[in-house]
Amino acid sequence: MRKCGVLCPIFSLPSNYGIGTFGKSAYEFVDLLKKAGQSYWQILPLGQTGYGDSPYQSFSTFAGNPYFIDLDMLKEDGLLTLPECEQVEVCDNPAYVDYEKMYFSRYKVLRHAFERFRAPLEKRYDKFVKKNSYWLEDYALYMALKDHFEGKPFTDWDTDIRLRKKKAMARYKEQLAKEIDFYKFLQYCFYRQWKKLKKYANKKGIEIIGDIPIYVAFDSADTWAGPEMFQLDDSGYPLAVAGCPPDAFCETGQLWGNPLYDWNYHKQTKYDWWIKRIAYCYELYDVVRIDHFRGFESYYAIPYLDLTAEFGHWEPGPGYGLFEAMKKALGDRKVIAEDLGFLTDEVKALVAKTGYPGMKIIEFAFGNYEDSGYLPHHYDKNSIVYTGTHDNETAAGWLAGLSKEDKKFVKEYCHCHRDKGLTEALVRLALMSVSDTAVIPIQDYLELDNAARINTPSTLGENWKWRLLPGQFDEKTAEKMKKLAAISFRLPKKKA
């Protein structure tokens, strides 16, 4: 069945408190998606961000981002007052997130809510803590310890607790009990608010597409609590780290720095941690986009402490065994394979064997009049087409930077011979393609330039910040989107 959706991260929603949340604007966004004839909302990972603010480098693969907890909803619950909410410092420009101000003011306000919360009276809280204890206990202790050690990575903590010695664990659990409870409270608020929003979206016919990053951050509860799952030395430091080799886009490659998995360990444990991780994703999302899918066939290993990705080498990944175990444990679930980049025949064979749809990017299609595999006449139905992803320029920004010859190619292929209307022509090209599903970044429907770009890979400081302004996505835009969905036969089927 042909469907379409919109890519827009939670942090990009409007709000009064400096970052998008699970509050009123999120519900209004869902309502507009419904009016626009959409079936999907892709939101990126919901994880708690750390250095660099990337949702792909989280302090926990399970924990949610406390910034997304809506303060007005906590106020309605009697946990905050309006003056307390107004203590949050926000970016001077409402079109962007100021993460430094978020970090120094948001948690102070959330602590007010925690002080008023009465856990013993809240049965749902107790149920949440027990159900999620397999990750929540380690995460909450890790975050409390991180505060105790003034934000330092766990490798700089005292040796006894860095290596999780039994006596040290017991001592810190007692010493930091209140802080541990604070972080459990935040996760409870996050989960409760998100599940309510997701339920609302699902009732409106909108399914949620979320991401699962292939790797976890080195400085994370996952690495600290489960060193046996990764390629680490006896002191807990990586033997090698993740990244991508040099290519036409980056001559020194991409050095991500994530610890690499010990795939022999995961195979011996029948991929138990992976299955728990993916199962939890399906509590949060309806469809899971698995990031960097080619890394499951083979992954790029870079020597630890190297300053670039130039001197890495390829190692075999788990292959189909992981997905076989996943399907056996969880059944057939909706998955998108992020199969972008240079793909070997072996990677293509793995994607085909799983049966998961891969991704097609319109922005990758045009260059030097070459017959690229990303041009729509090469697509098959079992694929997801995007004009661009969160890692790409906006369509308007991309068009503005094209060479004269490449732009001529775009115009001729789209049969649109003026600059005006060319962004919409690219959106139409994606929607009219044979791909079963088309997902368009909201920036491209609004024809915004690169000031609205989400992320520029291999850079720090200016990413993950862009936000919609109040009223920027309106009913007029929704009506235009619905017409495009109708003419491309992607409107949801009416129930009999």
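**Reading a predicted model**

Modeller: Not counting residues up to four places away in sequence, Asn463 touches Tyr99, Ile454, Asn455 and Thr456 (contact means heavy atoms within 4.5 Å).

Biologist: What kind of model is this, and how are residues numbered?

Modeller: This is a predicted model, in which local features need pLDDT of at least 70 and side-chain atom pairs count only at pLDDT 80 or more, while totals for chains, interfaces and linings use all residues. Residues are numbered from 1 along each chain as its sequence is written, and side-chain values use heavy atoms, with hydrogens and water left out.

Biologist: Is Asn463 buried or exposed?

Modeller: Buried means under 20% relative accessible area, exposed over 50%, and partly exposed in between (1.4 Å probe, protein chains only). Asn463 has a relative accessible area of 6%, so Asn463 is buried. A polar contact of 3.1 Å joins its side chain to that of Asn455; such a contact is a pair of N or O atoms within 3.5 Å, where within protein one must be able to donate a hydrogen and the other to accept it, and residues adjacent in sequence count only if both atoms are side-chain atoms.

Biologist: Where is Trp157 found?

Modeller: Trp157 is in the loop between helix H6 (133–148) and helix H7 (159–162); helices (H or I, at least four residues) and strands (E, at least two) are DSSP runs, numbered from the N terminus. Trp157 is buried, with a relative accessible area of 3%. Its side chain reaches the backbone oxygen of Pro153 at 3.5 Å.

Biologist: How is a pair of packed helices described?

Modeller: Two packed helices are described by the angle between their axes and the distance between the axes. Here the axes of H4 (residues 99–116) and H9 (residues 177–203) come within 10 Å and cross at roughly 95°. Axes are lines fitted to C-alpha atoms, for helices over the stretch in contact, and angles run from 0 to 180 degrees between N-to-C directions. H4 and H9 are therefore roughly perpendicular to each other (65 to 115 degrees; under 35 is roughly parallel, over 145 roughly antiparallel, the rest oblique).

Biologist: How do strands of a sheet pair?

Modeller: Strands of a sheet pair through backbone hydrogen bonds, either parallel or antiparallel. This model has an open sheet of eight strands with parallel pairing, in the order S9-S6-S3-S2-S1-S12-S11-S10; two strands pair if DSSP finds at least two bridges between them. Strand S9 (335–337) and strand S10 (358–361) are the edge strands, each pairing on one side only. Three bridges join S1 (residues 3–7) to S2 (residues 40–42).
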